[in-house]
Amino acid sequence: MKYPVSAATRATGLPGLRGHDHTGLTVPDMKQAVDFFENVLGCQVVMSFGPFSDDKGTFMTDLLGVDPKAEIKQITQVRCGFGSNIELFEYSAPDQRDLNQKNSDIGAFHISLYVDDVDAAKAYLDSKKIETRLGPLAITDGPAAGQSILYFQAPWGLQFEAISYPKGMAYEKDAETLLWNPKDPGK
């Protein structure tokens, strides 16, 4: 029988590590972002707070590595299904940039959301006029065989992926360690 490796039982690494708590994202407009996460993705807002700033000192630089005059206008935390939380930040800062990242850029990222049916997700996103990429694409070879994927974007450019592997992935047949799976989050 194969068992997932629990980070809490490992002898090396970050002491006491239990798992991924949240991903923080800076958004250009909190109202737009909350609308997308709630009304398109179906996530739930759990809490909001802020603002935070320090107009006299270096608190923002010392704590977060941002310009000392940066202001966090608002922080909103959302929960999406059985996965970890997402923390949305709306900042203003004298040196703020719009990264307009591509997935191929170093340091770029995307958020992957497990869905039961990628074709149904595509039809839904199309009905909401959300920009999608090629797909759904069924992966048929290699260790990821069994996946279907579809990339899409939030209105401000944040990259997402809808993914499904209802019958598992090919790597699982011989793996000693299994990836965390939102279909069975306790494993």
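Of the 25 residues in the largest nonpolar core, which touch the most other members? They are Phe 36, Phe 37, Ile 86, Leu 88, Trp 156, Leu 158 and Phe 160.

## About the model

This is a predicted model, where local features need pLDDT of at least 70, side-chain atom pairs count only at pLDDT 80 or more, and totals for chains, interfaces and linings use all residues. Residues are numbered from 1 along each chain as its sequence is written, and side-chain values use heavy atoms, leaving out hydrogens and water.

## The core

A nonpolar core here is a set of buried Ala, Val, Leu, Ile, Met, Phe, Trp, Tyr and Cys residues joined through side-chain atoms within 4.5 Å. Buried means under 20% relative accessible area, exposed over 50%, and partly exposed in between (1.4 Å probe, protein chains only).

Helix H1 (30-40) is one of the elements giving two or more residues to this core, along with S4, H3, S7 and S8. H1 gives the largest share, six residues. Helices (H or I, at least four residues) and strands (E, at least two) are DSSP runs, numbered from the N terminus. Domain 1 (22-94) and domain 2 (108-175) both contribute, so the core lies between them; the bounds come from an automatic or database domain assignment.

Setting aside neighbours within four places in sequence, Trp 156 is in contact (heavy atoms within 4.5 Å) with Val 27, Pro 28, Gln 32, Ala 33, Phe 36 and Phe 37.

## Salt bridges

There are two salt bridges, each a side-chain nitrogen of Lys or Arg within 4 Å of a carboxyl oxygen of Asp or Glu. Lys 122 pairs with Asp 126 at 3.1 Å, and both sit in helix H3, four residues apart. Glu 131 meets Arg 133 at 2.8 Å.
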